[in-house]
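Have the viewer open and follow along as we go.

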Amino acid sequence: MARPPPITNRVKALREASGNMSQSALADAIGVTRQTVIAIEQGRYSPSLESAFRISRVFGVDVEEVFGWEAEPKGSGMA
């Protein structure tokens, strides 16, 4: 089974804090499908750099306030 990407995000929390913005409204604002927003929120998909910046701008925050990086555990074989 494939491991989820090591990228974490607060997209759903930011959407809900923005007056319960719908997934469809966010998708329209950043130029992707609703299914893509769902996959990002569930941590099954890491957005492109462009989409990450678009998401951060929709919410008026820095990219690092939306996305985080979970470092690979030591001994995982990743450098």
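Which side chain does Gln 23 join through a polar contact of 2.9 Å? The partner is the side chain of Glu 41. Bear in mind that this is a predicted model.

**Gln 23**
- Gln 23 sits in helix α2.
- With a relative accessible area of 17%, Gln 23 falls under the 20% cut-off and is therefore buried.
- Setting aside residues up to four places away in sequence, Gln 23 touches Arg 15, Arg 34, Val 37, Ile 38 and Glu 41.

**Helix α2**
- The buried residues in α2 are Gln 23, Leu 26, Ala 27 and Ile 30.
- Viewed down the axis of α2, these buried residues lie within an arc of 100 degrees, so they line one face of the helix.
- After α2 comes Gly 31, which has a positive phi, near 80 degrees.

**The largest nonpolar core**
- This core has 13 residues, and those touching the most other members are Val 11, Leu 26, Ile 40, Ile 55, Phe 59, Val 66 and Phe 67.
- Two or more core residues come from each of α1 (11-17), α2 (23-30), α3 (34-41) and α4 (49-59).
- Apart from neighbours within four places in sequence, Leu 26 contacts Val 11, Arg 15, Met 21, Val 37, Val 58 and Phe 59.

Terms used:
Residues numbered from 1 in each chain as written. Predicted model: local features only at pLDDT ≥ 70, side-chain atom pairs only at ≥ 80, totals over all residues. Heavy atoms only, no water. Core = buried A, V, L, I, M, F, W, Y, C linked by side-chain atoms within 4.5 Å. Buried < 20%, exposed > 50% of the residue type's maximum accessible area, 1.4 Å probe, protein only. Helix = DSSP H or I, 4+ residues; strand = E, 2+ residues; numbered from the N terminus. Contact = heavy atoms within 4.5 Å. Arc of directions from axis to C-beta. Polar contact = N/O pair within 3.5 Å; in protein donor to acceptor, adjacent residues only side chain to side chain.
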